[in-house]
Amino acid sequence: MPGGLVPLEQWQLPETSVHRTVRSALRDILAQLRAGVTPEDTTFRSLDALPALSARTLAEVAPAPDPATTADAVGRQLARLTRGGGRPRRVPVLVAPPFSGVREALACLDRRLLTPPDEVSMTPAAAACWWDRQALTDGDWVLPELADFWLRHPSGLALVREFLSRVALDQAGDGLVGCSSWCWTFWTHYLPELHLAPVTPAPLTGERLTRWLAFLAGGASGRTVTARMSHDGLYVLPAPDDGQERKYSGFARDLAALSRGNPGVALALWRQRLRSHPEDEAAARPLRDESGGGRLYWVAPLEPMKLPAVPTAAGPGAGHILHALLLHDGLPLDRLAQVTGLAEPEARVALSLLLRAELVAPAGAGEDYRVQPLGYPAVRKYLHARGYPVDGF
Amino acid sequence: MDTRPVREALASITSQAILEALAVIVIAALLILLVQKLFPALAGKLSGKPRLYLLASVPLLRLLIILLTLLMVVPILVEPSFENMVAIFGALGLALGFALKDYANSLIAGIVTLYEMPYRLGDWIEVDGRYGEVRAIGARAAEIVTLDDTVVVIPHGVLWNALLANGNDGTDNLMCVADLYLEPDHDVAFLRARFRDAIFTCPLTRTYQPVQVVVSGCEWGLHYRLKAYPLEPRAQRRFISELTARAAAICEEAGVGMVAGPGLGYRPIHQGS
């Protein structure tokens with residue numbers, strides 16, 4: 001967990017260059033103006049001809065973070081905050097953007113796991129009874145994702161409302177709550193006087209991202225992996241602290257900005273940009289000896305790449321579905337229809353559009369649909385532009 | 001009135017100068033037409049602030065083109081000496097003052113509108129009981145399109161005296177109100193809380209804007225006003241319908257009867273179970 005945990009209000013968007021910000025804004029406007037004029041391609045395209053890494057190599061050099069390791073880091077960080085007097089609540093709330101891996105990490109903790117009931121729609125009295133049955137004051141517990149305990153429906157609020165009121169009054173024993181940033185945003189609007197002093201993983205700046213990617217690539221053995229830009233040979237990995245003088249690329253900073261400091265999105269993009277060969281072997285050769293003998297990979301620039309985009313044919317139904325999926329950290333079709341107010345066939349049509357655009361995909365073996373990390377930047381931008389309440393990350 | 005200076009100023013106008021001036025005016029008119037057609041069309045493809053900025057730039061660009069045209073045309077036609085300018089603009093002012101008083105009134109009001117900006121393109125305004133979205137701001141009049149898709153032309157001159165209500169004032173935050181009249185015998189606190197839940201769970205609600213449920217007594221029972229902001233101003237009708245439907249479902253579930261509005265008199269339309 002690079003950067004550790006910080007109070008939610010201290011979270012800041014990673015810095016990026018003015019040049020990149022202006023280019024990005026102009027590109028967005030042009031994309032909107034071109035809609036309907038040029039043929040639409042909403043799926044991911046790499047736009048370079050370099051060979052990508054095999055799935056096996058990717059799993060070695062850019063693996064998903066180990067939830068148990070993240071859970072250890074969370075435990076250490078919370079202990080540090082407690083020692084520093086920065087965690088006044090008995091039940092800390094850990095708010096994190098989607099794909100940050102916090103849900104999976106919290107589920108690995110050695111605490112009693114609280115899972116949602118099969119049906120989260122219930123009356124306030126039934127919700128109070130349900131929480132009484134959970135015996136919150138009896139031992140340590142962890143609730144990995146609060147978004148699983150509610151539905152954005154008039155009858156689906158009682159469970160979380162009751163829970164938050166108990167946590168606010170320190171009547172919920174000793175626990176730990178994980179909450180998606182989108183879900184948290186809704187509930188802070190709904191209960192504006194709620195003050196639980198949540199903490200959040202620090203955003204991945206370019207420097208932190210470099211160290212994190214190097215850590216993931218190193219694996220358990222801590223081997224050194226070198227990654228250089230495929231077009232100019234500048235370094236991305238290893239992290240610049242081993243005393244060697246190398247020329248580093250701005251790739252990590254741009255990647256951190258593009259992913260808004262979100263580790264899941266950054267990792268998904270990183271995996272898409274890794275290559276086995278550079279563009280020009282001759283240009284890269286003079287620098288090769290400086291790699292220090294570790295494994296060498298190449299990184300395609302971010303620019304010739306097309307991320308999934310929300311299709312122009314997407315109507316209000318698609319926006320409601322995307323927003324609902326982020327609010328609830330994934331939902332099955334029947335519940336999507338329930339929270340968006342769409343009829344199920346209508347929801348199915350809108351969902352199919354988003355599936356084809358690779359913005360949404362079925363999650364694992366379950367029936368839930370989730371927004372995909374590569375599509376997340378476009379989805380967030382789309383929802384923000386259309387006035388939807390978005391998270392602060 | 002001594003018209004000799006005007007006649008002298010105009011005497012130097014040649015047919016070639018008139019043709020040149022006409023060409024400049026035609027180009028300016030085409031440019032204005034292009035701006036008035038192209039910019040709103042482009043804005044229609046955008047969302048959020050870029051859309052509002054693009055729409056707001058249309059009347060300003062038009063004014064700029066008109067001023068530039070005047071600056072180019074006058075020296076083509078007459079020698080731009082102080083005497084000539086006084087004579088020409090004096091005569092022009094006199095003509096406008098007598099023959100085209102109302103037209104000039106609206107033109108001047110249009111210029112004041114650009115400065116004071118009581119409404120911009122994309123605003124939802126109400127003037128003399130007409131409510132709609134401002135779709136065009138011309139030199140003389142503005143056009144609004146009502147919720148029933150009717151175009152209403154409002155001369156800028158009307159603004160000197162009329163009351164103007166602007167719902168969103170250059171932003172995309174437009175408060176909507178769903179009115180409900182309910183029979184009085186019920187738990188008001190319970191119903192207000194349920195209505196608030198209904199607003200927050202409506203997918204069209206901007207939950208980061210204030211949400212209010214206001215209740216007051218009236219001769220028909222209790223008047224509830226559900227106040228909130230839709231995702232975008234254009235969704236206002238759908239939003240109000242959605243809020244009303246959700247509130248009606250809650251009333252039915254709670255066994256609270258709705259009564260008709262004041263225009264229809266006291267006529268229960270639902271008796272709760």
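Biologist: Which helix does Ile111(B) lie in?
Modeller: Ile111(B) belongs to helix α5 of chain B, residues 101–116, where helices are DSSP runs of H or I with at least four residues, numbered from the N terminus. This is a predicted model, in which local features need pLDDT of at least 70, side-chain atom pairs count only at pLDDT 80 or more, and totals for chains, interfaces and linings use all residues. Residues are numbered from 1 along each chain as its sequence is written, while chains are lettered from A and ligands numbered from 1 in the order in which they are written.

Biologist: Switching to chain A, where does Val167(A) lie?
Modeller: Val167(A) lies in helix α6 of chain A, residues 158–168, and it counts as buried because it has 23 C-beta neighbours inside 10 Å.

Biologist: What is Val167(A) in contact with, leaving aside neighbours within four places in sequence?
Modeller: Its contacts are then Val91(A), Ala172(A) and Leu196(A), a contact being two C-beta atoms, placed from the backbone, within 7 Å. Arg89(A) is 78 residues from Val167(A) in sequence and 8.6 Å from it in space, C-alpha to C-alpha.

Biologist: How do α9(A) and α10(A) cross?
Modeller: The axes of helix α9 (residues 251–258) and helix α10 (residues 263–273) of chain A come within 9 Å and cross at roughly 130°, the axes being lines fitted to C-alpha atoms over the stretch in contact, with angles from 0 to 180 degrees between N-to-C directions. That makes α9(A) oblique to α10(A), since under 35 degrees counts as roughly parallel, over 145 as roughly antiparallel, 65 to 115 as roughly perpendicular and the rest as oblique.

Biologist: Which residues make that contact?
Modeller: Leu255(A), Ala256(A) and Leu258(A) of α9(A) meet Ala266(A), Leu269(A) and Trp270(A) of α10(A).

Biologist: Back to chain B, how is it divided into domains?
Modeller: Chain B has domain 1 (4–99), domain 2 (124–166) and domain 3 (176–264), with bounds from an automatic or database domain assignment. The C-alpha centres of domain 2 and domain 3 of chain B lie 28 Å apart.

Methods:
Helices (H or I, at least four residues) and strands (E, at least two) are DSSP runs, numbered from the N terminus. A residue is buried if 20 or more other C-beta atoms lie within 10 Å of its own, exposed if 12 or fewer, and partly exposed in between; C-beta atoms are placed from the backbone.
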